[in-house]
There are 2 protein chains.
Amino acid sequence: MNKCIHFITLGVSDMKASRIYYEALGWVASPMSQDDATFFQSGGQVLGLYRQDSLNQDTGLKDPKPGGLTLGVNLHSRKEVDDLYEQALKAGATVLKRPQATPWGGYVGYVADLDGHPWEFTYVAQLVPDESGVLTLP
Amino acid sequence: MNKCIHFITLGVSDMKASRIYYEALGWVASPMSQDDATFFQSGGQVLGLYRQDSLNQDTGLKDPKPGGLTLGVNLHSRKEVDDLYEQALKAGATVLKRPQATPWGGYVGYVADLDGHPWEFTYVAQLVPDESGVLTLP
């Protein structure tokens, strides 16, 4: 198996609002995007927004409730975590847990996006991505 | 914002079983892994397994129900989709939708992992990753 995840597709209820939200956080929508799907190049993978009802038709799953997994962005300092956290709140995210030191030496905040998908903004000295965005385990 | 997702953390109920499942699909656990967390290098990002109750403590979310998003692996042919699909079933995944042609010209199958996280195995000629696993939008 190719040990990569190439596509992360978030179910959303309001495509326009969600597109605006992710654009406010710096993602740039591809011209491939359509009314019912938005695509963002995200490092070497693609972040997609897709209508939740269409996604449920594809997977056959009903009434999903976000929170079974988190998507994490690793940053270069506590200040970057604080800044991104505030930027997300301004764009419409909801506070889950404000940035704080963790018992394992990290500094982490959690927000929910417009549909409740939980995102984690993290600074931990041993897990800082390189300039191209690649994160390599020690 | 760094327009990358660096960490995907899946909540799991049985760490050992889930680690065996993802190892059966080709991911290699890092020596950083611990009893309550498993880490896999996955291209330029990290795929983590974490106890769902611990994840819920971190996010403050209760009773998540997987399906709000999908994680996709893009392959190089229909046969690779079929093969990976069978490999996942043998490793303990559940059928959501068997691989089939889509109206938009793709070939896609969906499985749920041991905790119900939906994964999408896809072949679509315009979206084939390069040799290093990077997927670039046209």
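Predicted model: local features only at pLDDT ≥ 70, side-chain atom pairs only at ≥ 80, totals over all residues.
**Overall layout**

Let's start with the fold. Chain A has three helices and seven strands, and starting from the N terminus they come in the order β-α-β-β-α-β-α-β-β-β. Its C-alpha trace spans about 40 × 35 × 30 Å along the principal axes. The radius of gyration is 15 Å, which agrees with the value near 14 Å that a compact globule of 138 residues would have. Buried residues make up 44% of the 138 residues in chain A. If you count the contacts with a separation of 6 or more, 52% of them link residues 24 or more positions apart.

Where they touch, domain 1 of chain A puts in 13 residues and domain 2 of chain A puts in 10 residues. On the domain 1 side, strand 1 and helix 1 of chain A each supply at least two residues.

**Helix 1**

Helix 1 of chain A covers residues 15-24, and its buried residues are A:Ser18, A:Tyr21 and A:Tyr22. Why do the buried residues of helix 1 of chain A line one face? Looking down the helix axis, they fall within an arc of 90°, so they sit on one face of the helix. Just after helix 1 of chain A comes A:Gly26, with a positive phi of about 110°.

Now for strand 1 of chain A. Six of its six residues are buried, so the strand is largely enclosed by the rest of the structure. Both faces are covered: A:Phe7, A:Thr9 and A:Gly11 are buried on one side, and A:Ile8, A:Leu10 and A:Val12 on the other.

| Partner of strand 1 of chain A | Bridges | Direction |
|---|---|---|
| strand 3 of chain A | six bridges | parallel |
| strand 4 of chain B (residues 69-74) | four bridges | antiparallel |

A:Thr9 turns up in both pairings. Its bridge partner in strand 3 of chain A is A:Gly48, while in strand 4 of chain B the partner is B:Thr70. Next along, A:Leu10 stands opposite B:Leu69 in strand 4 of chain B.

**The contact with chain B**

How many residues does the contact take from chain A and from chain B? It takes 56 residues from chain A and 56 residues from chain B. On the chain A side, the elements giving two or more residues are strand 1, strand 2, strand 3, helix 2 (52-59), strand 4 (69-74), strand 5 (94-101) and strand 7 (118-123). Which element of chain A gives the most to the side that touches chain B? That is strand 4 of chain A, with six residues. By class, the side of chain A that touches chain B has 28 nonpolar, 22 polar and six charged residues.

How values were computed:
Residues numbered from 1 in each chain as written. Chains lettered and ligands numbered in written order. Buried ≥ 20, exposed ≤ 12 C-beta atoms within 10 Å, placed from the backbone. Arc of directions from axis to C-beta. Contact = placed C-beta atoms within 7 Å. Rg over C-alpha atoms; globule rule 2.2 N^0.38 Å. Nonpolar A, V, L, I, M, F, W, Y, C, P; charged D, E, K, R; others polar. Pairing = 2+ DSSP bridges.
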